[in-house]
Amino acid sequence: MNFLELAKARVSCRSYSGAPVSKESVMSVMEAGRLAPSARNRQNWAFYYAQIGDRAENFIEACYGQKFVGQAHGFIAVCDKTDDYVMKCGQNAGSVDCSIAMTFMIMRATEIGLGTCWLGRFSPERVKSLLDIPESYAVVACSTIGHPAGETPRQPRKELSEVFDLRS
Ligand SMILES: Cc1cc2nc3c(=O)[nH]c(=O)nc-3n(C[C@H](O)[C@H](O)[C@H](O)COP(=O)(O)O)c2cc1C
C-alpha cells in the first residue's frame, strides 16, 4: 500500500472482533509514534497502552458512554508532559506534537490491518486513573485499537477545491 492508499484505508473503526492484538503489533504501533516529528524535536510526550479486558465498563464510562470502546482490545493514550511550550505561531506545541504522534500510530495500525478510532470524547481524569498516568500530564489524544469486525464504510470528504486554494 502506498501512502494515499493507506490514507484511504484508514477509517474510524467502531466494531471490533475481540481477537487479541499481539504485543509485537502494539510495539510496532508505538514505534511509529516514537518516530513522529515534534517541535524543536522535544519529544515531550508519553505513550500509554492498556488492554481493556474486564474493565470495559470503566473505559466506556471514561469515554462518556461510547459503547464500542468496551469492545476494543486495547486503548492508547498519548500525553503531553506539559511544558506549556507555545510556538511563535501561537499554537500549543504539545497538542500538535501529540496529535502527530497519534496520527503516525493510527496509520501504522491501519497498515498492519488493525482498526482504530481516535477519541476526543473522554474524561482526562478518568483516563489518567485507568492507565495510571501522572496527574501533571495532559491527555491529548486517545484511541481504541483492535481487530475490526467487518468493513467500515468510508465517510465522505469535501472536494479538494473546497479546502485548497492554490496561490501564485
Ligand atoms: C480529534 C478527533 C476526535 C474524535 N473523537 C471521536 C470520539 O470521541 N468518538 C468517535 O466515535 N469518533 C471520534 N472521532 C472520529 C471522527 O468522528 C471521524 O474521524 C470522522 O467522522 C471521519 O470518519 P473516518 O475517521 O471514518 O474517516 C474523532 C476524530 C478526531 C480526529
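Keep in mind that the model is predicted.

**Around the ligand**

Let's start with the ligand. It has 13 residues around it, and the closest are Ser12, Arg14, Gln66, Gly120 and Arg157. Sorted by class, that shell is made up of 5 nonpolar, 4 polar and 4 charged residues.

Gln66 brings a polar side-chain atom to 2.7 Å from a nitrogen atom of the ligand. Trp118 takes part through its backbone instead: a polar atom there is 3.1 Å from a ligand nitrogen. On the oxygen side, an N or O atom in the side chain of Arg157 sits 2.8 Å from an oxygen atom of the ligand. As for cover, the ligand on its own has 610 Å² of accessible area, and the protein covers 64% of that.

Arg14, one of the closest residues to the ligand, also lies over the face of Phe68, at 6.0 Å from the ring centre.

**Rings in pairs**

Next come the aromatic side chains, which form 2 pairs in this structure. Here they are:

| Pair | Distance of centres | Angle of planes |
|---|---|---|
| Trp45 and Phe47 | 5.5 Å | 35° |
| Phe59 and Phe75 | 4.9 Å | 45° |

With its planes at 35°, the Trp45 and Phe47 pair counts as tilted.

Most residues other than glycine have a negative phi. Which way does phi go at Tyr64, positive or negative? It is positive, at about 50°, although Tyr64 is not a glycine. You'll find Tyr64 in the loop between H3 and E2, where it is partly exposed at 47% relative accessibility.

Thr82 is another case, with a positive phi near 40°. Thr82 is in the loop that runs between E2 and helix H4 (93–111). At 29% relative accessible area, Thr82 is partly exposed.

Terms used. Residues numbered from 1 in each chain as written. Predicted model: local features only at pLDDT ≥ 70, side-chain atom pairs only at ≥ 80, totals over all residues. Heavy atoms only, no water. Near = heavy atom within 4 Å. Polar contact = N/O pair within 3.5 Å; in protein donor to acceptor, adjacent residues only side chain to side chain. Areas by Shrake-Rupley, 256 points an atom, 1.4 Å probe, with all protein chains shown as cover. Nonpolar A, V, L, I, M, F, W, Y, C, P; charged D, E, K, R; others polar. Phe/Tyr/Trp six-rings, centres within 6.5 Å; stacked < 30°, edge-to-face > 60°. Lys NZ or Arg CZ within 6 Å of the ring centre and 35° of its normal. Helix = DSSP H or I, 4+ residues; strand = E, 2+ residues; numbered from the N terminus. Buried < 20%, exposed > 50% of the residue type's maximum accessible area, 1.4 Å probe, protein only.
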